[in-house]
Amino acid sequence: MVQYRRNRLPGGTYFFTVTLRDRCSGLLVEHIDNLRVAFRETRRQYPFVIEAVVILPDHLHSIWSLPSGDVNYSGRWQVIKSRFTRALVKAGVNLTQNSKGEFNLWQRRFWEHTIRDEMDFNRHVDYIHFNPVKHGLVGRVRDWPHSSFHQYVRNGTYPLNWGGEGMVDNDTADYGEP
């Protein structure tokens, strides 16, 4: 088995891209409440701070800060994916299984980047919030409901019209998704 090298900075802040196996699926937004519960229960059991997040139909981006001394983001993703999958099965969503009996909902791996400094953090937050526009889901960032953008507007970080129709920031177009 291939050994993936991941940067593990205790108490670090990380950017993630997590993707469904079926890139045409809409299950993440169709079952957003189940995903929220999976996140909430996981955070209760294994604390971390969600700095920014956007949920798209087939993938999500998020920035997390882990508690001091903690590096186990992989375990947290495993728990979130498992809880969400079990909730879908319980809700009667027809999911295929592989020969090992595992559900084929999620891509096995995820993409992670260790946030290096404030500029890196801000660029990734912008990338996260602009992502629904980039994917053509909405014309303005504020029109996508499944995003921490609205919280950033409430706390004064962004104006409501940030990322308006037709706005493209080439600085955020070259990273974030493998």
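## Charges over rings

Let's start with Arg8: its charged end sits over the ring of Tyr73, 5.2 Å from the ring centre. Arg43 has its charged end over the ring of Phe48, at 5.8 Å from the centre. A charge sits over a ring here if NZ of Lys or CZ of Arg is within 6 Å of the ring centre and within 35 degrees of the ring normal.

This is a predicted model, where local features need pLDDT of at least 70, side-chain atom pairs count only at pLDDT 80 or more, and totals for chains, interfaces and linings use all residues. Residues are numbered from 1 along each chain as its sequence is written, and side-chain values use heavy atoms, with hydrogens and water left out.

## Aromatic rings

Tyr73 and Phe48 turn up again in a cluster linked by ring pairs, along with Tyr14, Phe16, Phe39, Trp64, Trp77 and Phe110. The structure holds 20 aromatic pairs. Rings of Phe, Tyr and Trp (its six-membered ring) pair if their centres lie within 6.5 Å; planes under 30 degrees apart count as stacked, over 60 as edge-to-face and the rest as tilted.

One of the pairs is Phe130 with Trp162, which is edge-to-face, with 6.4 Å from centre to centre and 85° between the planes. Phe130 lies in helix H4 (residues 118–134) and Trp162 in the segment after helix H5 (149–154), so this pair ties together parts 32 residues apart in sequence. Phe130 is buried at 9% relative accessible area, and Trp162 also counts as buried, at 17%. Buried means under 20% relative accessible area, exposed over 50%, and partly exposed in between (1.4 Å probe, protein chains only).

## Around Ser147

Ser147 is in the loop between H4 and H5, and it is buried, with a relative accessible area of 13%. A polar atom of the Ser147 side chain lies 3.0 Å from the backbone nitrogen of Phe149. Leaving aside residues up to four places away in sequence, Ser147 touches Val53, Val54 and His129; contact means heavy atoms within 4.5 Å.

## The whole chain

The protein has five helices and four strands, running β-α-α-β-β-α-β-α-α from the N terminus on. Helices (H or I, at least four residues) and strands (E, at least two) are DSSP runs, numbered from the N terminus.

Of the 178 residues, 46% are buried. Among contacts between residues at least 6 apart in sequence, 70% join residues at least 24 apart. The accessible surface comes to about 9900 Å², and 48% of that belongs to carbon and sulfur atoms (Shrake-Rupley method, 1.4 Å probe; for residues, only the protein chains shown count as cover).

Methods
Polar contact = N/O pair within 3.5 Å; in protein donor to acceptor, adjacent residues only side chain to side chain.
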